[in-house]
Amino acid sequence: MTDHRILVTSEIPEPGPTILREYGNVTFCDEPIDADALRTAVTDGSHGVVLAQLRDRFDADLLSRATLAGISNYAVGFDNIDVDAAQRHGIVVGNTPGVLTDSTADIAVLLMLATARRAVEADRVVRTGGFQGWQPNLMLGTDVSGRTLGLAGFGRIAKATARRALGFGMTVLFCPRPPSDRDVADHELGDLVGRVTHVDWPTLVRESDFLSLHVPLTDDTRHLVDADVLAAMRDDAILINTARGPVVDETALVEALRDGVIAAAGLDVFEREPELAPGLADLPNTVLLPHVGSATVSVRSEMARLSALNAVAIARGEEPPHRVV
Ligand code: DGY
């Protein structure tokens, strides 16, 4: 059956709504949909396609009951969808790759600089009247140039982060599929051939001054950074996470930051968003951002365009421009 009705679960920016209105057969939710209403809308036959957000969860049980042709995710990541189950039930899944690569790499570098140079702490010093003039020992941080950045994962965002770090004079190591390994051909490295070094996961953990996570959330990467990995890191190392919160055991991270096992952490994602692990927000050696890797006006609008095009294509029974399964 074609010409399915599309459910848009939350507000998205232009040109998404315009593309969807041109298609016509659309329900826009004024407020983000809750889990019960989503379950009803995708199982009662009223909608064939969902333009979904990361907060909309499609587990195997829901997908087994869903009367859906497809889901168009307003994100490049799709860990909110059990894609194996979607594939089993013939439900197409689309995403928004490519358009948020640079903005997310920018946030990884921003977190690296902000943690190394204690930018948030320093801002607080100024605002609370603690700045009494230049002092030799005020807010001393860590250099970035000449230090080693370790990239866990080696997809688009990791590579864009590598290019930025090389510009800062850093040494860049990468482990393409932690905690295991895989070969990386020169053509995959492209312009980074000879400029970055492939190492295994234990080496990456041990040798990185900054360990930056760029892996999807899967069964293999859930709690990839746990208490053991944190203990194996240098005690002056800084952890950066712009990938997915559950890749880090946040409770173990709080303990490690509190006990000086590692020096600092810059986080754009959290294990149980929007909640934080107890104690995390009290630690001065953290910079915490509210999942804003893709949060620029132009990127969010490109994501809206791609996700709307994916949704309309699926609704018409056509191949979506960006298909996961
Ligand atoms: C994504 O797209 O997966 C980001 O986490 C949100 O933009």
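Tutor: What follows starts with the sheet and then moves to the cores. Keep in mind that this is a predicted model. Confidence comes first. The protein averages a pLDDT of 97, and 99% of the residues score at least 70. The ipTM is 0.97, and the pTM is 0.97.

Now the sheet. Five strands make up an open sheet. Read across it, and the order is β2-β1-β3-β4-β5. The pairing is parallel. Two strands sit at the edges: β2, residues 26–28, and β5, residues 92–94. Each of these pairs on one side only. From one strand to the next, the twist averages 15°.

Zoom in on one pair. Strand β1 covers residues 6–8, and strand β3 covers residues 49–52. These two run parallel and are joined by three bridges. Take leucine 7 as an example: its bridge partner in β3 is valine 50. As a general point, strands of a sheet pair through backbone hydrogen bonds, either parallel or antiparallel.

Next, the cores. The largest nonpolar core has 55 residues. Val172, Phe174, Ile238 and Ile240 have the most contacts inside it. Helix α5, residues 101–116, supplies the largest share of this core, with nine residues. A second, separate core has 39 residues. Ile6, Leu51, Val92 and Val312 are included in that second core.

Finally, return to valine 172, which is among the residues with the most contacts in the largest core. Leaving aside residues up to four places away in sequence, valine 172 touches Leu149, Leu151, Ala162, Ala165, Leu166 and Val196.

Note on methods: Residues numbered from 1 in each chain as written. Predicted model: local features only at pLDDT ≥ 70, side-chain atom pairs only at ≥ 80, totals over all residues. Pairing = 2+ DSSP bridges. Helix = DSSP H or I, 4+ residues; strand = E, 2+ residues; numbered from the N terminus. Axes fitted to C-alpha atoms, helices over the stretch in contact; angles between N-to-C directions. pLDDT = per-residue confidence, 0-100. Core = buried A, V, L, I, M, F, W, Y, C linked by C-beta atoms within 7 Å. Buried ≥ 20, exposed ≤ 12 C-beta atoms within 10 Å, placed from the backbone. Contact = placed C-beta atoms within 7 Å.
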